[in-house]
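Have the model open as you read.

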Amino acid sequence: RKEVEQDPGPFNVPEGATVAFNCTYSNSASQSFFWYRQDCRKEPKLLMSVYSSGNEDGRFTAQLNRASQYISLLIRDSKLSDSATYLCVGGYTASKLTFGTGTRLQVTL
Amino acid sequence: DAEITQSPRHKITETGRQVTLACHQTWNHNNMFWYRQDLGHGLRLIHYSYGVQDTNKGEVSDGYSVSRSNTEDLPLTLESAASSQTSVYFCASSPRTSGHNEQFFGPGTRLTVL
């Protein structure tokens with residue numbers, strides 16, 4: 001079983017829609033969680049950290065459910081520019097950040 | 001502005017040749033990492049370093065080596081390039097080893113081994 005698992009998608013949504021991604025992790029000792037965004041053929045960029053109490057950054061909301069070992073990312077009012085691959089990341093030390101294979105989002109007109 | 005750079009951005013080499021990929025960061029981060037990214041595998045850790053003279057193996061370290069002689073640089077060397085090492089390589093750095101230890105990535109090097 002992979003340490004971090006994501007639905008690869010693609011998720012095709014119209015502009016303005018709300019879309020949610022889930023990600024499960026297998027290591028219960030994981031302490032740090034992140035969502036990264038990766039555009040085609042470019043480097044991953046930190047989108048947001050995920051805190052136990054949940055956190056919001058503009059149109060993006062991240063939540064952590066330790067009991068069920070999953071994290072989620074909610075994107076409201078999707079924009080064309082949100083089209084990208086979203087990487088779920090978990091870990092408990094800097095050497096053990098484990099990246100999911102990514103969920104692809106395509107926002108259409 | 002502080003940044004992390006990689007060179008070359010694209011490289012084509014032949015099987016058996018030694019190749020070195022450069023990574024340079026100006027954030028003064030102690031922690032640096034090398035990953036490779038392949039379809040279906042996501043990012044996989046090759047080597048990492050927590051500071052000068054410190055290097056550690058990641059999950060896919062066979063055929064690769066690194067050295068850390070200063071804070072800014074962590075070059076990745078492929079001792080004898082193989083076709084299986086054709087991939088996109090990303091360097092990253094992080095200011096922390098615990099807590100919210102987010103990593104920041106360089107632009108990547110696309111390596112083709114013929």
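## The disulfide in chain A

Cys23(A) and Cys88(A) are joined by a disulfide, S to S 1.9 Å (a disulfide being a pair of cysteine sulfur atoms within 2.5 Å). The link is left-handed, with -70° about the S-S bond. It connects distant parts of the chain: Cys23(A) sits in strand β3 of chain A and Cys88(A) in strand β9 of chain A, 65 residues apart (strands are DSSP runs of E, at least two residues, numbered from the N terminus).

This is a predicted model, in which local features need pLDDT of at least 70, side-chain atom pairs count only at pLDDT 80 or more, and totals for chains, interfaces and linings use all residues. Residues are numbered from 1 along each chain as its sequence is written, chains are lettered from A and ligands numbered from 1 in the order written, and side-chain values use heavy atoms, leaving out hydrogens and water.

## Its partner in chain B

Over all chains there are 2 disulfides. Cys23(B) pairs with Cys91(B), S to S 1.8 Å, and both are buried (under 20% relative accessible area, with exposed over 50% and partly exposed in between; 1.4 Å probe, protein chains only). As for Cys40(A), that one is exposed at 68%.

## The cores

The largest nonpolar core has 22 residues, with Phe21(A), Trp35(A) and Tyr86(A) among those with the most contacts inside it (a core is a set of buried Ala, Val, Leu, Ile, Met, Phe, Trp, Tyr and Cys residues joined through side-chain atoms within 4.5 Å). β3(A) gives the most to this core, 4 residues. Apart from it lies another core of 18 residues, including Met32(B) and Cys91(B).
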